[in-house]
Amino acid sequence: MQDVATRAGVSAKTVSRVFNDDPHVTEETRERVQSAMRELKYVPNMLARTFREGKSAVIGIAVPDVADPFFAAVTKEIELAARERDMAIVVTSLGDNPSLEQSIIETTVRRQIGGLIIAPIAGDQSYLARWQDSFPIVFIDRAPNKLAADYFVEDDFGGAFEATQHLIAHGHRRIAIVGDSTEVPTTRLRLEGYLAALEEAGLARSEELVALGSRDADAAAQVCKTLLALPDAPTAIFSSNARFSTGVFPALQALNRTDIALISFGDFPMADVLTPSVSVIDQDPRHIGRVAAERILARIDSPGRKFRRKNVLPVALIERQSCRSVPAMPVPGARP
């Protein structure tokens, strides 16, 4: 920076102002400094800037699967918010093995990040306590366990309750739920919402229709086929997340069973243009990413300020073609 300043005939502070687009620099000075930067091939040392300012220009993001449509949209919105502040992001996938969460996160935080946004998979995040004085931590989608921190979660119970209630209102009495393990907090809450809606309608829980424990979309597709092979098969399926819905929908198509009603907790790419288009509980992942990023940035700017820790975000039912009434005389295997 001093070399640039010497060549441009200005102070190092002026070079810094030009680099940071300070509006108080005259156009003539700006052009002279930028010319010197080009001639010397000047690239700012961001690590030195980090040490000087005491703040890192990187936000760490850790989610179960970066390829998941929901988490991909969340991550994209965080990236946009970071870019507005001239910050970068580092993204990592936690996978589905809770025992690996701590080691993966600790590898991430050693990269001199300025904040961490995490959707946890383990049952204990107390290991992060020692990092909280170094940078802010915000949880998304799932609340932290054994750690006091900011978190933004969706109304999992309410969304599942509304989805199941909606299917019941369409005349369905045999409603299956497909999802991953109840060890995942979101799945557990969505199961509770599903069961509460059945109870309110006076419908008994059927264990054979509670099909939880799948690990991926392919497993969810196989579960769907098993459910429809039951002597008293379901007439509707509530898929507890968007990732599994991308397995359930093709399975229904392959079985020629588009007469089965389907609601997905979480929208997914092309859900609105499929035939039939898929009804969803919309989580608005872009909003989740934006509010999480805003909280991280606010914590960085004002470390001593008090914020609300628990934040439950509303979800909304978007009804499309796949959510339909039970036909008067259903014909298995026939297209509607």
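1. Is D284 buried, partly exposed or exposed? D284 is partly exposed, with a relative accessible area of 36%, where buried means under 20% relative accessible area, exposed over 50%, and partly exposed in between (1.4 Å probe, protein chains only). The residue D284 is found in the loop between β10 and α11, and helices (H or I, at least four residues) and strands (E, at least two) are here DSSP runs, numbered from the N terminus. Phi of D284 is near 55°, a positive value in a residue other than glycine.

2. Before going on, please note that this is a predicted model, in which local features need pLDDT of at least 70 and side-chain atom pairs count only at pLDDT 80 or more, while totals for chains, interfaces and linings use all residues. Residues are numbered from 1 along each chain as its sequence is written, and side-chain values use heavy atoms, with hydrogens and water left out.

3. Two further places in the backbone deserve a look. D86, placed in the loop between α5 and β2 (88–93), has a phi near 60°, again a positive value in a residue other than glycine, and D86 is partly exposed at a relative accessible area of 49%. The peptide bond from T275 to P276 is cis, with omega near -5°, and P276 lies in the loop between β9 and β10. For background, most residues other than glycine have a negative phi, and most peptide bonds are trans.

4. The structure holds 25 salt bridges, each being a side-chain nitrogen of Lys or Arg within 4 Å of a carboxyl oxygen of Asp or Glu. In one of them E84 pairs with R290, the closest N and O atoms being 3.3 Å apart; this pair links distant parts of the chain, with E84 in helix α5 (residues 69–84) and R290 in helix α11 (residues 285–301), 206 residues apart. E84 is exposed, with a relative accessible area of 58%.

5. Another salt bridge joins the side chains of D232 and R174 (3.4 Å, N to O), and this pair also links distant parts of the chain, from the loop between α9 (217–228) and β8 (236–239) to the loop between α7 (156–169) and β6 (175–179), 58 residues apart. D232 counts as partly exposed at 43% relative accessibility, whereas R174 counts as buried at 17%. Salt bridges that share partners also join E77, E84, R286 and R290 into one network.

6. Turning to the helices, the axes of α2 (residues 12–19) and α3 (residues 27–40) come within 10 Å and cross at roughly 90°, where axes are lines fitted to C-alpha atoms, for helices over the stretch in contact, and angles run from 0 to 180 degrees between N-to-C directions. Helix α2 is therefore roughly perpendicular to α3, a term that covers 65 to 115 degrees. In this contact (heavy atoms within 4.5 Å), T14, V15, V18 and F19 in α2 meet T29, R30, V33, Q34 and M37 in α3.

7. Finally, 6 strands form an open sheet of mixed pairing in the order β7-β6-β8-β9-β10-β12, and two strands pair if DSSP finds at least two bridges between them. The edge strands are β7 (210–212) and β12 (316–318), each of which pairs on one side only. Strands β9 (residues 261–265) and β10 (residues 279–282) pair in the parallel sense over 3 bridges, and I263 stands opposite S279 in β10. Helix α10 (residues 242–254) lies across β6, β8 and β9, running at about 160° to β9.

Definitions and conventions. Parallel < 35°, antiparallel > 145°, perpendicular 65-115°, else oblique.
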